[in-house]
Amino acid sequence: MSSPSAMPQRPLDFLLAPSSVVVVGVSSSPSNLGKEIIRNCLRFGYKGDIFAVGREEGEVFGIKIYRSVAHLPTVPQFAAILVPAPQVPALVEQCGRLGIRAALISSGGFSEYGSERAELESSLLAAARRHGVRLIGPNCIGVVNMEIGLCTPFAPLGSLKPLKGHVSVISQSGGVGILCMDLLSEEHVGFSKMISVGNKLDLDETDFVELLLADPDTRVICAYLEGMTRGRRFFEALAKSDKPIVVMKANRAPTSGRIARSHTAALASDDRVTEAALKQAGALRVGDLREFVPCAKVFELPPLRGNRLVVLSMSGGISVIGADACAEFGFELPELPADLTRALEQRGRGGVIRLGNPLDFGDIYDPGVFAFAVEEILKLPYIDGAVLSLPRLDGLASIQGGGASLSGGLVPYLKDLMERNGKPVAASFFSGRRAVAPIVERREIPLFWDIREAIWALSRSRLFWQKRPAGEATPIEVVGEREGRRSGEPRARQLAVHDALALVAEAGIEVVKSVPVTSTRELDRALQCVGFPLVMKVAVEGIPHKSDVGGVKLGIGSSSEAREAFEELSEICRAQGASPCVIVQALAEPGLEVVVGAKRDASFGPVVLFGLGGIWVEVLDDVALRLAPIEEGEAARMVREIRGAAVLRGWRAAPAADMPSLCRAIACISRLITQRAELEEIEINPLIASSRGVVAVDARATVLSP
């Protein structure tokens, strides 16, 4: 056997653009799936060499079937393996010894089948690591690369008519990946690559995002994921991306988690942490696979850099729908110059429609005037983009004259306007799809099916192009493990309240004067230290919500009241099987109760939380999350994000909270959990926020036992 063909310069080429492929598990049987991989590569026009290996010699599609990879005339760069799972480790071992450096494991029957198959996966990974073989899968359909015609799915794809373009898809499910290809093709949106990742034994979604970010043929990345193997690293890749990344994260409910586990070995994660991480990184999350398509379309338009749109339609009703959609997605509709609206009104046939924004052209119905209006609007420096809603295209696509030169048709004219002005024009139609399909197929500019879809898509463009400036990027180095913690680790223990408060003080946050007491003698000394009025509360494990059991005594104003309170609280401690321990605290200045906390997520690692606190935190469920650490600017965005933000800014007669102090406290806690590797969770609840600053009055913390 000759040596491998000239090796590519980048790992991307080994995995996604190999110059030669061997399919292992091929036969001439009509039901053989390995044969379908070869058929798909031939149908898609794969430009490299294709080899076949099976148990019996023969031929498929004019390609010889060899009995072993050792019998091949040359060493291919990529192996697609589709044989029973127990045979896979030995095959990868054989491929590695020959010099094959990339392998797709299409075979199922690994950890998704049952935990008893974990040893089989370990053997497979060990064989790959011994020889430097990178694995895609197992339990997946692999790669489609439109640039070179590589197509490794074993499903028949005869009816699929994909178009070459610049959208790449990463999918944990092979079926979903093929569906995404179909959805894009159906609306004449071209794609570059589709990658099915399956169980992610070796390579995962983060690896492929990083590869696609370096791929010049990929401009937009769409990802369907059921679990994230390395959430922190995935976040880092997304945060650095200069390409739009659109994510549908499924596996959010317990039932879907069981199904996902059974078919791709996906692990469930805290969906609110995932949501926060995607938002913080500037990725675009969607809730439906079909939303990938308008996202892909909108990023073919010029960037939407601002929030101010003009809506133009030849229907008054559609104009109203457009105005509602702008309000729904947070767009402004600025007034237009009076001289422009007067000039347009003069073109009306009856002079019965007064033009504004939206611009209702129902009385004009002249595509030339329509195009003239768009051109003048895009010239306005305070307008960031336009939304058009056109009627049936009969007679519109090739109209000439009017208020502008439309010799090539209205749609090409819009394309030229966007190129000249660098602003997006999202065009849609109020007509049936069959009437619109001919011009959609021409792919001159991205076209949307209705005005709301167009405005929603522009909101995705705005979200991406208004990502945080590079100078505000958050440092994300974490002391200790970069990823979330795994099972089988040391047991965690909860700190006493006073020790948790000491950690808070160590982080740089003011803590109300507090003294722990276990006896009446200690109580007398604590009263002298703290002074009146004061607060007393139980401080033992097993009572996370002290007020629920009467474990908090407020407004104590004398020694006798303090002793009586101590006895009552001691009884509560004994009822929990614990020795009496009570915290004596100074009475904090009145203010709004908020919660600031942090924990280590199983996938994303350290996460910080902020919300309205006190006894209502779980009822109100009004919180914002970020991956930690963050700086004060990001903390301010967290504060503004919650529904109760207006209360913190001052509500009616109540004074506003000291925002700089509050944001500083959130940032301090975010840094604390990233700097203390043993800290699993910490929560300040409540943190009293007043006009004079913030002060912590209660806290709990969990650390790993030494």
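**Reading loops and strands in a predicted model**

Leaving aside neighbours within four places in sequence, Gly613 touches Glu593, Val594, Val595 and Asn685, where contact means heavy atoms within 4.5 Å. This is a predicted model, in which local features need pLDDT of at least 70, side-chain atom pairs count only at pLDDT 80 or more, and totals for chains, interfaces and linings use all residues. Residues are numbered from 1 along each chain as its sequence is written, and side-chain values use heavy atoms, with hydrogens and water left out.

Q: Where is Gly613 found?
A: Helices (H or I, at least four residues) and strands (E, at least two) are DSSP runs, numbered from the N terminus. Gly613 is in the loop between strand E25 (605-612) and helix H20 (617-620).

Q: Is Gly613 buried or exposed?
A: Buried means under 20% relative accessible area, exposed over 50%, and partly exposed in between (1.4 Å probe, protein chains only). Gly613 counts as buried because its relative accessibility is 7%.

Q: How many bridges join strand E27 to E28?
A: Two strands pair if DSSP finds at least two bridges between them. Here four bridges join E27 (residues 679-690) to E28, and the strands run antiparallel. A hairpin connects E27 to E28 through two residues, and Leu687 stands opposite Ala696 in E28.

Q: Which residues point one way from strand E28, and which the other?
A: From E28 (residues 693-696), Gly693 and Val695 point one way, Val694 and Ala696 the other, and all are buried.
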